[in-house]
Amino acid sequence: MRQIIRDRRTLALLVVVPVVVMSLVGLSFTEESQILDSVAPALLATFAMFFVFILTGVSFLRERMEGTLERLLATPVGRTDVILGYLLGFLLFAALQATIILLFTIGVLKIHYAGALWEVFVFLMALTIGSVNLGIFVSTYARNEFQVMQFIPLVLAPQIFLSGIFLPVEEMPGYLQGLAKVLPLTHAVEGLREIMLHGKGLGDVITELAVLVVFAVIMLILAATTVRRV
Amino acid sequence: MIAIEDVTFHFGKVLALDNLTLKVLPGLSMGLLGPNGAGKSTLIRILVGLLKPQRGSIHVFGEPPSITNTSRIGYMPQLSALYRELSAMENVDFFARMYGLRSKQRRRERVEEVIRLVNLWERRNDPLLHLSGGMRQRVSLACAIVHSPPLLLLDEPTVGLDPELRVSFWEYFHKLTASGVTLVISSHTMDDAAHCDRLVFLRTGRLIAEGTPQGLCQATGRAEATLEEAFLYFIRRK
């Protein structure tokens, strides 16, 4: 964690990039604020997952490539503890990015939303934790930054297209609906829409929240088992 | 201290260690000598528990390598494997905590002690980014010895060091063995080999000879033979 804090350029990019991207989104919807209101939950979920995945995937890869992960695994600290340590460290920055995206969307882009802000935040954090674990898990299969980037079209693009952002899941062919329903982003978009557009509470989206929690736990277990002691 | 029996390790189709049998006695420095790809780093990573051999058995402190005995092992990998944005003090302190030095006071004293030991006191607060390769090697060594382990596994610790620094590293290694610490050091330079109490010549994962540096030279039949000549002699004989 201290390593990222000391790297001021990386720290600045962590803050600036989501702001720039969200500003572009806001500018493109200047004349269509109602459309922006309706797509905001999907954009929030997608950008949070996208940025967090890149942050975690590349940072964890660096730990592996520079040998610090291997060195840590040669200490008495257990493998699961090492992964949990990385998770907590990355989560701080991931939560910062997700919070920036959320506050910028609400405070600067001035979208209208119905539900409680803290419930939106809690829901977004569940997605963020899962995305951090996904980033760690996926980066164990990459040998360099280029390969991590190649996982974006493989892991993130299908979720973006199938999560109901462009076309409602119900209108997709049957086999794609089945696939869409097992993807975490679909449930994140659905849950955020319910809270932000229809003013529902966390209790009303407990199924979507549970899917995100289960996804986070599965990714954590997979990450802990695939972090090879090599 | 270390007992290795019939150990074989493959990286996919590549044979890294082939039926290796070896014993390392306590309080001695054992040099693993061989060219790149000889299996030196693989053996060290097996000893520290990072790799598991496909065949054979390994015992370190009388038990198979596991997380429980890593607190008694100091490991210095070939890559410096440190946090570049952090200072020398912060890196050593971090690994001291990972090795279980919980008392803040005790840890601080020990970190300062090893930083002085590797001659980096003046640069202790500089980020590693601003240190030379040799200085980073010293920080890496400090991280490996901070918990005062009775066994040190050092993977090419003198690579990239200037002659003066290399001599000071070896002076320190001799002090460690004199105090009862066991050292396993991999190297591909004969200069390092001459400093070890015992040597193992490795080639393509196989042990081709083992003994004291003097004994290996004498085995060539020429009293004035160098270690390099001894290494070539055993390769040709195999």
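The model is predicted, so local features need pLDDT of at least 70, side-chain atom pairs count only at pLDDT 80 or more, and totals for chains, interfaces and linings use all residues. Residues are numbered from 1 along each chain as its sequence is written, chains are lettered from A in the order in which they are written, and side-chain values use heavy atoms, with hydrogens and water left out.

I start with the interface. Chain B puts 29 residues in contact with 22 residues of chain A, contact being heavy atoms within 4.5 Å. Between them the chains bury about 2,300 Å², 55% of it on carbon and sulfur atoms; that is accessible area (1.4 Å probe) lost on being put together, summed over both. Of the area that chain B buries, 27% comes from Leu50(B), Tyr83(B) and Glu85(B), more than any other three residues supply.

Next, the charges. There are two salt bridges between the chains, each a side-chain nitrogen of Lys or Arg within 4 Å of a carboxyl oxygen of Asp or Glu. Glu70(A) pairs this way with Arg45(B), with the closest N and O atoms 3.0 Å apart.

Now the cores. A nonpolar core is a set of buried Ala, Val, Leu, Ile, Met, Phe, Trp, Tyr and Cys residues joined through side-chain atoms within 4.5 Å, and buried means under 20% relative accessible area (1.4 Å probe, protein chains only). The largest has 156 residues, with Phe173(B) and Phe201(B) making the most contacts inside it. Among the residues that Phe173(B) touches are Leu141(B), Leu154(B) and Ile185(B).

Methods
Buried area is the accessible area (1.4 Å probe) that two parts lose on being put together, summed over both. Buried means under 20% relative accessible area, exposed over 50%, partly exposed in between (1.4 Å probe, protein chains only). Lists of a residue's contacts leave out its neighbours within four places in sequence.
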